[in-house]
Amino acid sequence: MAAELNNEKVIARYLLGDLPEEQQVAIEDRAFADKDYLALITSVENDLIDEYVRQELSPTERQQFERQFLASAERRKRVEFARVLARVPERTVVSEPAKWSWRDSLYALISGLNPAAKIAFAAVMLLLIVGGAWLLTATLRLRSQLTQLQAQNQARQNELQQQVEAERRRNEELNARLTQEQQQREQSEESLQKLSETGDATNPPPRSVIAALTLLPGLSRGGGDKASLVMPEDARLVRLQIGIDPNEPYKTFAVELRTAAGRQVWTRENLTARTRGKARAVSLTLPASALKSGDYELRLSGRREGGESEDVGFYYFDVKKR
């Protein structure tokens, strides 16, 4: 690949815009890092200009040359300068062959100049070479900046895609929780309906026995003053009054009830707190059949309006049936 890039024909195709983008990038990267290679490109560029003014390019190459070179004011000046050089042998040296190389023409021109003109000519040539090198360097710098912008754009697209995926997973979790809550609500309503239909049609239905317990904040798992729920055998419902700080800022609450072994017994969301006097509590009603004798842990969490869920407190109690 490196030997191919040193080929003057390949460099000429690059200057005419006739190379694939991959090879163009390779030549520009090497020219940016290698000054000798940049000088070789400048030399081939001068040869192309000389062949153009002497009409030695093919029609296709001529069209490519005019599209690539004549679009730049700096390069148009260089073409005009080469065209002037091409006319010098015909005016000054009649005995020479009609066709000279650009090196012979340049030598003849410089030889006929006085010292001041030679200095001015050298300054012009240096300006042209420096201008060409600057133009090529600016092109390489712009290409590098374009590559960086494309990389930043791709990174931004990847970040947005990750955000969309995270939002999709969050929606799926919310839908799953809503489905679970709806199922539990339907089960609770079904249990209450069955309880209301129990008994003979000729006799009045028995009164539903409700076992109630008030849970106060601050009780530890192993404390001696742990709350205890004594539940009669004919109890149909259990109502828990969960005390909270009156200054809690949460709009809604969620309850998760587990056994001491960690098995989930009951969950409920979108509960609201009620205030009686100076006390404030969240009420939870569930079927008595959901509770067995043993120790339980109740986790209460709150949600601010439009915010994430946060733990409010943990409550511990045991159940005893008689």
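Good morning. I begin with the hairpin of β8 and β9: 5 residues lie between its strands, and Gly306 adopts a positive phi near 75 degrees. Strands here are DSSP runs of E with at least two residues, numbered from the N terminus. The model is predicted, so local features need pLDDT of at least 70 and side-chain atom pairs count only at pLDDT 80 or more, while totals for chains, interfaces and linings use all residues. Residues are numbered from 1 along each chain as its sequence is written, and side-chain values use heavy atoms, with hydrogens and water left out.

β8 and β9 run antiparallel and are joined by 10 bridges; pairing requires that DSSP finds at least two bridges between two strands. Gly302 has Glu310 of β9 as its bridge partner. β4 also pairs with β8 in the antiparallel sense, over 8 bridges, and there Leu257 is partnered by Leu298 of β8.

I turn now to the interior. A nonpolar core is a set of buried Ala, Val, Leu, Ile, Met, Phe, Trp, Tyr and Cys residues joined through side-chain atoms within 4.5 Å, where buried means under 20% relative accessible area with a 1.4 Å probe, protein chains only. The largest such core has 29 residues, of which Val238, Leu257, Leu284, Leu291, Leu298 and Phe317 touch the most other members. Strands supplying at least two residues each include β4 (252-259), β8 (294-303) and β9 (309-321). The largest share, 5 residues, comes from β3. A second, separate core holds 25 residues, among them Leu19, Leu38, Val53 and Phe65.

Notes: Buried < 20%, exposed > 50% of the residue type's maximum accessible area, 1.4 Å probe, protein only. Helix = DSSP H or I, 4+ residues; strand = E, 2+ residues; numbered from the N terminus.
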